[in-house]
Amino acid sequence: MSDIPGTLHAPKQVADRRAQAPHTSMFTRMLLRAAVLRRRRAAAALLAMIVAAAVATAMMNLYVDVQAKLRTEFRNYGANVVVVGKDGQSLPAGALAKVEAAAGPGAKTLAVPFSYAVARTKDGQSVVVVGTDFARARQLNRWWKVSHWPDEPNQALIGMRAANVVSPNRQPFELTFQGKPIELTPAGMLQTGAGEDSRIYLDQSEFQNWTGISPSTIEVAVNGTAAEVESLTRQLAQLLPAADVRPVRQIMEGEANVLNKTRATLYASATLVVLTSALCVLATLMGWVFDRRRDFAIMKALGASERLVNGFFAAEAAAMGAVGAILGFFIGIGVAVWIGRANFHAPVVPRFSIFPYVFAGSVAVALISAILPITMLRRVQPAIILRGE
Amino acid sequence: MFARLVYESFRHQARRKLLAGIAITLGVAVATAMIAVATDIGDKINRELRSYGANLIVTPQEDTLDVEVGGVNLKPPSDGAFLNEADLPKIRGTFWHNNIVGFSPMLPVTVRVGSDGAKDVTLVGTYFNKPLHFGKQDFTTGARITHPWWRVEGSCGDGALPRSGRVEDSPAACGWPNDDSQDILVGERLATKLAKKPGDTLDVAGRQLTIFGILVTGAAEDDQIVAPLALAQQMLGKPGAVRRVYVSALTKPQDAFATQDPNTMTPEVRDRWYCSPYVQSIAYQLQEVIPHSHAEQIRQVAQNEGTVLSRIKGLMLLVTLAALFASALAVSAAMATAIFERRVEVGLMKALGAGSLTVSAIFFAEALLLALVGGIAGFSAGALLAGQIGRSIFNSQITIEPVLFPVILAIAVFVTFAGSATAIRRAVKFDPVFALRGEG
């Protein structure tokens with residue numbers, strides 16, 4: 001091979017190439033050459049590292065982010081805080097603006113005003129009429145089954161059961177409140193299976209023109225942790241002394257219950273997955289180091305000190321752990337984003353704050369997997385290893 | 001000879017076999033635990049979702065409108081239709097009776113309270129923890145189960161609420177009035193207005209009733225009085241009357257099939273619909289057993305639990321896949337390492353005239369043995385782990401389907417083979433001369 005001029009291995013060329021190459025230390029060169037010469041084994045070990053780091057990253061990212069995602073899902077249950085005027089009184093003007101200001105500009109919070117009055121139909125039946133902001137109510141109460149939302153003046157949303165009384169054939173109907181009549185057209189039917197079915201919903205401004213009653217209730221959906229909801233509740237109670245601010249216990253307790261169980265399950269699962277990934281790295285890297293016992297023996301036979309040999313293998317493992325962690329981290333973030341999209345239809349925010357943990361964990365596992373076989377090899381004479389036994 | 005080779009290999013290389021075996025055991029244990037938890041999580045979360053309370057409501061078919069503003073009922077109390085209390089235990093006789101977690105009847109009555117009789121208040125009669133029986137079944141049910149967020153203060157000391165759960169599991173009620181008593185619960189805000197505390201007596205429509213505790217609900221009941229159903233019926237003068245019934249049932253998330261009208265279905269399709277625990281079919285069955293009733297889903301609760309449930313199930317499925325992937329990789333890596341170390345042995349066997357097939361067969365037989373032993377140990381460990389997760393998180397057993405055992409074992413064998421295959425192929429292809437010289 002060496003007698004063919006121009007090949008890379010011709011002694012002269014090799015000498016020339018080496019003369020011009022940057023002078024790297026023996027230590028670095030040994031590290032690099034080992035990886036290049038046994039690229040298949042090195043690639044397998046690195047792959048295990050990358051996969052393990054990726055899986056660990058994805059799990060940790062999900063664990064942090066899923067709680068926020070689930071909380072958003074839970075807001076579909078509707079309001080978790082209710083502001084009510086004391087003794088059924090109307091809330092002071094500007095209460096809605098105050099609630100929104102207290103919630104902050106983040107738009108994470110939705111506040112919907114409701115005002116109530118009891119009107120009479122033509123044949124003298126009592127029926128509850130509610131004034132609200134349809135656009136907001138629609139966003140807050142997603143479970144409302146509405147055939148058509150009102151979009152024109154004097155249109156009303158009619159509960160299933162109220163419809164049978166006031167307008168069985170969807171014809172326009174008249175209601176009176178304290179002697180003042182109003183002519184309404186049914187826009188659509190509302191079905192909820194709860195109290196709303198017996199009511200008639202009107203736009204707030206039309207309702208107020210007719211009855212003169214301003215909102216007495218503001219339903220607030222706060223998207224946040226239990227502590228955030230509680231602090232907003234306290235803040236609102238201070239801002240609106242004329243109102244009763246209370247959390248909706250049904251919603252708060254149900255959410256806390258389900259969220260805690262899910263978080264605990266996810267935590268247990270994520271721990272198991274991360275441990276398994278570590279096991280995978282341990283198995284592969286131990287094989288990789290054990291496989292190099294001949295290098296180990298030669299180094300010792302050539303007079304390398306214990307410290308140097310240990311340092312060499314440790315550096316090799318650490319380098320592999322570091323490279324694997326960096327590549328795996330980005331792949332793991334990708335996986336987490338994909339899971340967020342597939343399952344929650346919303347992107348998972350990459351948490352770069354978990355990178356130090358993934359990095360430190362990978363390097364630590366890599367070091368452990370290098371040290372274990374080395375301690376085993378240290379007890380063996382180099383000669384025995386070199387003899388192939 | 002074949003059997004002896006395999007046997008000797010296990011006897012002499014116990015340490016290496018142990019390492020691979022441990023990897024397989026741990027991998028299988030994680031896989032088993034994750035699969036068991038993931039298959040059971042739907043049922044577990046479904047039960048937890050019952051803490052949102054009832055998802056079905058039964059009302060009389062010919063009912064007048066509710067006229068209720070701010071927790072005060074303005075409808076004349078005797079107006080409209082009623083259900084018959086005697087029909088209620090039949091709820092346990094429906095097809096999906098095992099899915100009915102509990103139910104509680106409600107009967108609102110408007111009463112005057114205070115010795116001066118100046119204030120109109122709504123008194124709601126209900127079951128708290130009522131023992132009932134249907135056929136041979138004995139069970140207890142009531143607001144404790146359908147309204148788990150209700151908290152009674154000043155009775156049990158700490159006001160702690162027993163866990164919601166299956167009717168059968170419920171321990172004796174603590175902190176709730178007896179359903180046969182004349183004791184009442186007063187809503188938190190009403191109690192403040194009346195300046196009453198637990199143990200006081202309250203004049204309700206001319207009767208002197210003992211306040212058992214203060215009820216905190218965060219909803220309309222805070223301004224009301226809640227009393228045993230029999231008491232409310234006496235006050236209304238209508239024994240056996242119930243205005244509405246709240247039913248809490250475990251349901252399957254609804255799909256397009258669920259929302260179809262059963263009256264337009266062919267008999268076979270209708271049977272399939274009837275035998276699926278959709279909230280719609282349970283409502284249909286409730287209407288069948290309670291005469292002159294109309295059952296409907298409470299959309300706020302019923303509509304949302306499907307989404308939450310499917311999100312959590314989807315999440316667990318993906319996490320389980322990640323766990324399976326990671327454990328498969330760990331097993332493969334361990335097997336590949338174990339075989340790679342034995343190239344010298346392969347070289348020797350081949351130098352002595354063994355064919356590639358024989359050598360592969362020996363390795364695969366070893367892998368099979370390892371996979372079976374590791375699989376059985378891992379399955380048991382995984383079952384224990386799943387049980388531990390179930391007990392510590394959900395306070396209940398996680399059922400492990402027996403069918404999971406052969407499946408897990410098959411997966412373990414498959415993954416072990418797949419992990420060994422490449423390593424075996426490379427070991428067999430490796431030139432025995434190099435192997436014996438110790439190069440490579």
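I count two residues as in contact if their C-beta atoms, placed from the backbone, lie within 7 Å. I am working on a predicted model, in which local features need pLDDT of at least 70, side-chain atom pairs count only at pLDDT 80 or more, and totals for chains, interfaces and linings use all residues. Residues are numbered from 1 along each chain as its sequence is written, with chains lettered from A in the order in which they are written.

**Chain A, overall**

I looked up the fold of chain A and found 13 helices and 10 strands. These are DSSP runs numbered from the N terminus: H or I of at least four residues for helices, E of at least two for strands. The radius of gyration, over C-alpha atoms, is 35 Å.

Next I checked the domains, whose bounds come from an automatic or database assignment. Domain 1 of chain A covers 25-71 + 258-386, and domain 2 covers 80-247. Their centres, taken over C-alpha atoms, are 57 Å apart.

**Helix α12 of chain A**

I checked the length of α12(A), residues 355-378. The expected span is 1.5 Å times one less than the number of residues. For 24 residues that gives 34 Å, and the end C-alpha atoms are 34 Å apart, which agrees.

Which residues of α12(A) are buried? I call a residue buried if 20 or more other C-beta atoms lie within 10 Å of its own, with C-beta atoms placed from the backbone. The list includes Val358(A), Gly361(A), Ser362(A), Val365(A) and Ala366(A). An α-helix has 3.6 residues a turn, so residues three or four places apart point the same way. The buried residues of α12(A) pack against α3 (39-74), α9 (249-291) and α11 (306-344) of chain A.

**Cores**

I then looked for nonpolar cores: buried Ala, Val, Leu, Ile, Met, Phe, Trp, Tyr and Cys residues joined through C-beta atoms within 7 Å. The largest has 210 residues. Met59(A), Val83(A), Leu56(B) and Val247(B) have the most contacts inside it. Helix α8 of chain B (residues 299-340) gives the most to this core, 23 residues. A second, separate core of 26 residues includes Trp143(A) and Leu184(A).

**Interface**

Last, I looked at where the chains meet. 57 residues of chain B are in contact with 61 residues of chain A. On the chain B side, α8(B) supplies the largest share, 22 residues.

Notes
A residue is buried if 20 or more other C-beta atoms lie within 10 Å of its own, exposed if 12 or fewer, and partly exposed in between; C-beta atoms are placed from the backbone. The radius of gyration is taken over C-alpha atoms; the globule rule is 2.2 Å times the number of residues to the power 0.38.
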